[in-house]
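Subject: Structure handover and findings

Hello,

Here is the structure for you to look through. Please open it first, then read the notes below it.

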Amino acid sequence: MELFYYMVFGGLAAVVAALELSKSNKDRINTSSAFNSFKNNYLLVYSLMMAGDWLQGPYVYFLYKSYGYGKGEIGQLFIAGFGSSMLFGTIVGSLADKQGRKRACVTYCITYILSCITKHSPQYRVLMVGRILGGIATSLLFSAFESWLVAEHFKRGFEQQWLSVTFSKAIFLGNGLVAILSGLFGNLLVDTMNFGPVSPFDAAAVFLAIGMAVILSSWTENYGDTSENKDLLTQFKGAAIAIASDEKIALLGAIQSLFEGSMYTFVFLWTPALSPNDEDIPHGFIFATFMLASMLGSSIAARLLARNSVKVESYMQIVFVISSISLMLPTLTSFLVTPSNVKGGSISFSGCLQLLGFCTFEACVGIFWPSIMKMRSQYIPEEARSTIMNFFRIPLNIFVCIVLYNVNALPITIMFGMCSIFLFTASILQRRLSAIGEKPKTEEWTMLKEKNAEDEELNVA
């Protein structure tokens with residue numbers, strides 16, 4: 001393995017360690033022992049769930065390729081996953097609100113385990129079923145767990161600001177440390193121990209089963225809107241009305257869709273972007289490096305969220321601009337750096353530049369997750385939280401499906417350019433959200449002043 005990979009990984013590790021060790025009291029939030037116990041239980045479950053997800057991430061494309069499928073066929077399999085998430089996401093989200101978030105989390109475990117089992121078959125139809133199951137599981141992962149956490153947090157009487165602690169720790173561990181260990185463990189299973197590209201999926205199923213056992217033994221059930229007279233269609237309409245009538249929720253949904261759509265497109269594209277001529281790259285190690293960059297971002301987010309003087313709506317504008325520039329690098333390097341036509345070999349110079357840009361983007365992802373969770377906890381009504389969160393995923397899944405469907409028709413540089421534009425658009429929408437987020441306070445202050453003025457006039461009279 002080249003020295004370059006170790007240098008990038010070591011540099012990021014040093015910065016993350018320095019940030020964590022240099023935390024002061026200003027960067028920490030004082031909490032209770034009861035909250036810490038609750039938080040640690042959730043973090044254990046979340047880490048196991050993310051281990052089950054991250055073990056699969058670096059090897060999905062690689063596994064399909066090892067079965068002899070081309071980029072177009074692999075793109076169709078990915079489309080099936082995102083399409084499944086789009087079609088069934090709102091249904092499972094509404095069921096989670098209605099039937100219980102704990103049940104939805106258990107359903108995630110079962111569905112994803114079944115998806116992992118299908119990876120043993122090279123048959124296209126079986127793999128397609130696995131992708132559909134994986135899409136359903138993804139919808140639950142990114143809605144049910146957060147919905148359960150927020151509802152349980154307030155049910156137990158914990159302070160609003162303490163949610164930021166759980167969010168930032170969850171991303172630091174689940175999307176950072178666990179993802180790194182998963183990448184290295186996957187690399188060990190596939191490359192060192194030669195168990196084959198399906199072995200990470202077997203390991204993922206084991207972690208998911210352990211997490212399900214913890215959920216069943218230690219979690220209590222909570223619900224959204226428990227009205228018996230509300231069917232799924234009524235819940236859909238209620239969620240749609242909430243989004244349409246509240247500009248903040250609509251903006252938040254658009255921002256999330258633009259960022260996550262770009263992120264999932266990046267997940268599909270980073271492998272062919274770094275190895276356009278079939279260069280030999282260590283997938284697991286690069287994935288671990290990306291996750292270390294994500295840890296760096298979540299560490300920065302933890303500091304920002306701990307300070308009341310810093311508003312999440314403000315700093316996220318900068319984050320989206322930086323992420324936009326980062327994903328523009330493949331397009332820029334195609335013009336500024338002479339491409340290599342040599343097949344195989346090690347990563348190219350332009351590949352090295354892109355890898356640094358991708359690490360920067362992953363750092364932005366690390367900041368994005370706890371920050372968007374914080375904003376969702378503020379703006380989305382509790383009774384339809386899972387339903388609305390899965391509504392947000394519909395446009396992002398449509399976007400990703402369109403990109404993947406045209407994966408052979410459009411050059412990679414064009415697709416990265418599109419993602420960059422979407423991320424810059426997200427920064428503009430975030431600016432608008434920041435402006436109207438302060439507006440009610442201004443209006444309340446104006447009304448208060450007018451009322452005081454009227455009271456003074458009455459007193460004078």
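One definition to start: a residue is buried under 20% relative accessible area, exposed over 50%, and partly exposed in between, using a 1.4 Å probe and protein chains only. Next, the ground rules. This is a predicted model, where local features need pLDDT of at least 70, side-chain atom pairs count only at pLDDT 80 or more, and totals for chains, interfaces and linings use all residues. Residues are numbered from 1 along each chain as its sequence is written, and side-chain values use heavy atoms, with hydrogens and water left out.

**The two domains**

The chain is assigned domain 1 (39-222) and domain 2 (232-460). These bounds come from an automatic or database domain assignment. Taken over C-alpha atoms, the two centres lie 20 Å apart.

How many residues of each domain are in contact with the other? Look for heavy atoms within 4.5 Å, which is what contact means here. The count is 51 residues of domain 1 and 48 residues of domain 2. About 4500 Å² is buried between the domains, and carbon and sulfur atoms give 68% of that area. Buried area is the accessible area (1.4 Å probe) that two parts lose on being put together, summed over both.

Between the domains there is one salt bridge. The term means a side-chain nitrogen of Lys or Arg within 4 Å of a carboxyl oxygen of Asp or Glu. Arg376 and Glu146 form a salt bridge, at 2.3 Å from N to O.

Several helices give two or more residues to the side of domain 1 that touches domain 2, among them H4 (71-99), H6 (124-141) and H8 (162-192). Helices here are DSSP runs (H or I, at least four residues), numbered from the N terminus. Helix H4 gives the largest share of that side, 19 residues. By class, the side has 25 nonpolar, 20 polar and six charged residues. Nonpolar covers Ala, Val, Leu, Ile, Met, Phe, Trp, Tyr, Cys and Pro; charged covers Asp, Glu, Lys and Arg; the others, Gly among them, are polar.

**Salt bridges**

The whole structure holds five salt bridges. Side chains of opposite charge can pair when their charged atoms come close.

Which residues form a network? Glu152, Lys155 and Arg156 are linked by salt bridges. Lys155 pairs with Glu152 at 3.3 Å between the closest N and O atoms. Both sit in helix H7, three residues apart, about one turn of the helix. Arg156 also meets Glu152, at 3.2 Å from N to O. Now check accessibility. Glu152 is buried, at 2%. Lys155 is exposed, at 51%. Arg156 is partly exposed, at 41%.

Another salt bridge joins Arg432 and Glu247, at 2.9 Å from N to O. Arg432 lies in helix H17 (412-460) and Glu247 in helix H11 (247-274), so the pair ties together parts 185 residues apart in sequence. Arg432 is partly exposed, at 39%. Glu247 is partly exposed, at 39%.

Find Glu260 in helix H11. Is Glu260 buried or exposed? At 1% relative accessibility, Glu260 is buried. Leaving aside neighbours within four places in sequence, Glu260 is in contact with Phe368, Trp369, Arg376, Arg393 and Leu396.

Best wishes
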